[in-house]
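Dear colleague,

I am passing on the structure we spoke about, and I would be grateful if you could look through it alongside the notes below.

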Amino acid sequence: MNRDISIKDLKIHFNTKEGKVRAVDGVSRTFQSSKITGIIGETGSGKSVLGLGILNLVSNNSTVSGSVLYEEKDLLKIKENEIREIRGKKIALIPQNPSSSFNPILKIGSHMNELFYYHGKEKKNSCKSKSLEILKKFFFSNSELVYNSYGFQLSGGMSQRALAAIGTALKPNWVIADEPTKGLDAIIRKQVYEVFYDLRSNMGVSMILITHDLMLAKKLCDEVVVMYAGKIIEEGTKNSIFNNPLHPYTRGLIDSQPNKKLIPIEGIVPSLTNLPKGCRFSPRCKVAKKTCIDYEPRLFDVNGSKVRCFLYDKSLQPL
């Protein structure tokens, strides 16, 4: 059975007092199984909302359209009891904010036991041993202590690792990891990287990695998607994105890193309630021309990559 996640024209808009927030605005892409695909971009680009949208976990004030196909089912249209069988068991989410992800009245062990008991169909007396085994894999030297702790009793780094342990406990086919190294020091980041690499290499887990950590994406991912203001603006292999970025925004992201030129991108991400006409990056782009300001570019195929930029439109004169 095909285990790719195929998204077609996905739109996730939120209705607010300030207007309609176009968080994800017409995203189409197939995430291939047995690969790790990174999604990078500044805060407000739509990365996390896209991850939540795949599992139909967005809030009630949203309008969602398009399709998310997995195992021949549209996850946006199936019944709630059907998608509950998929969440955690087949497609797991490791959310971004540990402090708001744990139920404050349940211990870490209770969160994990619930997964094994309801999804894994394990007997209650075997749930604890499986939970402790998973916690050890995430470098908890005292897994029994963590098992018996509440989320608010753990440090930020420990909470993030506990979330990752819970998310991968059932060995799902897919993991959507939203900023899994956020708030971790260099040593723990390296350990989490090793765990995720092991999940893919030895367990065959496919991943969508949402991250600001470009070094993590470069180390771990096979393919990289760059998002800006609700749209994909570039996608390609890891090597093409990091060694030969095509879009001015992608080049700016890479050049702003400490191990590169440390040159920040001028300007700010536009308000998703008041998006600019034409190319959404044009107000910040140093090479933007009138065409970019008046018209929105499509994704152009360039040497196996895709890029949303008129610089690569062969039907136009060079800009």
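This is a predicted model: local features need pLDDT of at least 70, side-chain atom pairs count only at pLDDT 80 or more; totals for chains, interfaces and linings use all residues.

The axes of helix α7, which spans residues 156–168, and helix α8, which spans residues 186–203, come within 12 Å of each other and cross at roughly 5°. Because angles under 35 degrees count as roughly parallel, α7 and α8 are therefore roughly parallel to each other. On the α7 side the contact is made by R161, A164 and T168, which meet I188, Q191, V192, F196 and L199 of α8. Sorted by class, this contact has 5 nonpolar, 2 polar and 1 charged residues.

Turning to the pockets, the largest has a volume of about 760 Å³, and of the 24 residues that line it, R87, G88, L93, L115 and I166 are the closest to its centre. By class, the lining of the largest pocket divides into 12 nonpolar, 8 polar and 4 charged residues.

The second largest pocket holds about 330 Å³ of space and is lined by 13 residues, with P248, R251, G252, D255 and K286 lying nearest its centre. Its lining divides into 7 nonpolar, 1 polar and 5 charged residues.

With best wishes

Terms used: Residues are numbered from 1 along each chain as its sequence is written. Side-chain values use heavy atoms; hydrogens and water are left out. Axes are lines fitted to C-alpha atoms, for helices over the stretch in contact, and angles run from 0 to 180 degrees between N-to-C directions. Helices (H or I, at least four residues) and strands (E, at least two) are DSSP runs, numbered from the N terminus. Angles under 35 degrees count as roughly parallel, over 145 as roughly antiparallel, 65 to 115 as roughly perpendicular and the rest as oblique. Contact means heavy atoms within 4.5 Å. Ala, Val, Leu, Ile, Met, Phe, Trp, Tyr, Cys and Pro count as nonpolar, Asp, Glu, Lys and Arg as charged, and the others, Gly among them, as polar. On a 1 Å grid over the protein atoms alone, a cavity is a set of points where a 1.4 Å probe fits but cannot get out, and a pocket is an open set with protein on both sides within 12 Å along at least five of seven lines; lining residues have an atom within 4 Å of a point. Grid points are joined across faces, edges and corners, and a volume is the space filled by probe spheres set on the points.
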